[in-house]
Amino acid sequence: MSEPTTELDSRFSDPDAVATGWEETRRALEAAELFWISTVRQDGRPHVTPLVAVWLDDALHFCTGPTEQKAINLSHNANVTLTTGCNDWQRGLDVVVEGEAVRITDHERLALLADAWARKWDGQWRFTVGEGAFQHSDGGQALVFAVVPAKIFAFGKGTFSHTRHLF
């Protein structure tokens, strides 16, 4: 992925704000433990739920059971928004990732992602790979998706800034 174009939207930023740099935004995505995913049901109603995700190779990756609402929604509309950040008003950085969720079924790629999940959470999230998905030790399966960002918003707080990273 090439370096994004980064711009401050002064309409929604304090007069003395500066754009959040791409490196700071990327570090926030790598470190975040919890994201909220927004998908759209077939009838147009939104669906939002928390999940864990891994930033790896310029994409945000998440998994879900094949019968979960987000998986059902993705089967007819792959557009997603994933958000993470800090619930404080005066500090932190909130990040919003917009893109299309693409299912990953390649065994080698899934193995790399399973290792990334285990490393990020010190072994609390462990998966084996088989049948084009993550496999749980209890026999369940999790479909894995990658979201290559179309755009990312970074909202700085304290000195409020509204940054867009366009890819």
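Colleague: Which residue forms a salt bridge with Glu-30, and how far apart are the closest N and O atoms?

Modeller: Glu-30 pairs with Arg-26, and their closest N and O atoms are 2.5 Å apart. This is a predicted model: local features need pLDDT of at least 70, side-chain atom pairs count only at pLDDT 80 or more, and totals for chains, interfaces and linings use all residues. Numbering runs from 1 along each chain as its sequence is written, and side-chain values use heavy atoms, without hydrogens or water.

A salt bridge here is a side-chain nitrogen of Lys or Arg within 4 Å of a carboxyl oxygen of Asp or Glu. Side chains of opposite charge can pair when their charged atoms come close.

Glu-30 and Arg-26 are four residues apart in helix H1, so about one helical turn separates them. Helices are DSSP runs (H or I, at least four residues), strands likewise (E, at least two), numbered from the N terminus. Arg-26 also bridges to Glu-23, with closest N and O atoms 2.2 Å apart. That pair is three residues apart in H1 (residues 22–31), again about one helical turn.

Now accessibility. Buried means under 20% relative accessible area, exposed over 50%, partly exposed in between (1.4 Å probe, protein chains only). Arg-26 is buried at 18%. Glu-23 is partly exposed at 38%, and Glu-30 is partly exposed at 36%.

Further out, Asp-57 bridges to Arg-109 at 2.7 Å between the closest N and O atoms. Asp-57 lies in the loop between S4 and S5 and Arg-109 in helix H3, so the pair ties together parts 52 residues apart in sequence. The structure holds ten salt bridges.
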